[in-house]
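Have the structure open in your viewer as you read.

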Amino acid sequence: LFTQYGYTKIILDTNLNNKRAQHVYEKLGFRKIKVNMNSWKNQLGELQSSVDYEMTKDDFENHKKQANL
């Protein structure tokens, strides 16, 4: 995405309870930016929280270098 499409930053979010997704995102080099408490309601009307992640092109390059060590 960074090279082929010229993106400078990728932003994503996941449910605070989705620990598996958080683990994968962090292993891929995404940085946790913010926790949004009670920011949305699920289909049952229950308040849910989310976690925002981001990765810049520099983050990606640094993570790639560390993975090749």
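In this predicted model, a search of the whole structure turns up 5 salt bridges. Let's start with Lys9 and Glu54, whose side chains meet in a salt bridge at 3.5 Å, N to O. Lys9 sits in strand E1 (residues 9–15) and Glu54 in strand E3 (residues 47–56), so this pair ties together parts that are 45 residues apart in sequence.

A second pair brings in a helix. The side chains of Asp59 and Arg31 form a salt bridge at 2.9 Å, N to O. Asp59 belongs to helix H2 (residues 57–67) and Arg31 to strand E2 (residues 31–41), so the pair links parts that are 28 residues apart in sequence. Asp59 is buried, with a relative accessible area of 16%, because the cut-off for buried is under 20%. Arg31, at 35%, counts as partly exposed. Through shared partners, salt bridges join Lys9, Arg31, Glu54 and Asp59 into one network.

Another salt bridge is formed by the side chains of Glu26 and Lys32. Here Glu26 is partly exposed, at 40% relative accessible area, and Lys32 is partly exposed too, at 45%.

For quick reference, here are the pairs discussed above:

| Salt bridge | N to O distance |
|---|---|
| Lys9 and Glu54 | 3.5 Å |
| Glu26 and Lys32 | 3.9 Å |
| Asp59 and Arg31 | 2.9 Å |

Now for the strands themselves. In what order do the 3 strands of the open sheet run? The order is E1-E3-E2, with antiparallel pairing. E1 and E2 are the edge strands, each pairing on one side only. From one strand to the next, the twist averages 25 degrees. Looking at one of these pairings, E2 and E3 are joined in the antiparallel sense over 7 bridges, and Lys41 has Leu47 in E3 as its bridge partner.

That leaves the helices. Helix H1 (residues 19–27) lies across E1, E2 and E3, and runs at about 160 degrees to E1. H2 also packs on the sheet, where it touches E2 and E3, and its direction makes about 75 degrees with that of E3.

Note on methods:
Residues are numbered from 1 along each chain as its sequence is written. This is a predicted model: local features need pLDDT of at least 70, side-chain atom pairs count only at pLDDT 80 or more; totals for chains, interfaces and linings use all residues. Side-chain values use heavy atoms; hydrogens and water are left out. A salt bridge is a side-chain nitrogen of Lys or Arg within 4 Å of a carboxyl oxygen of Asp or Glu. Helices (H or I, at least four residues) and strands (E, at least two) are DSSP runs, numbered from the N terminus. Buried means under 20% relative accessible area, exposed over 50%, partly exposed in between (1.4 Å probe, protein chains only). Two strands pair if DSSP finds at least two bridges between them. Axes are lines fitted to C-alpha atoms, for helices over the stretch in contact, and angles run from 0 to 180 degrees between N-to-C directions. Contact means heavy atoms within 4.5 Å.
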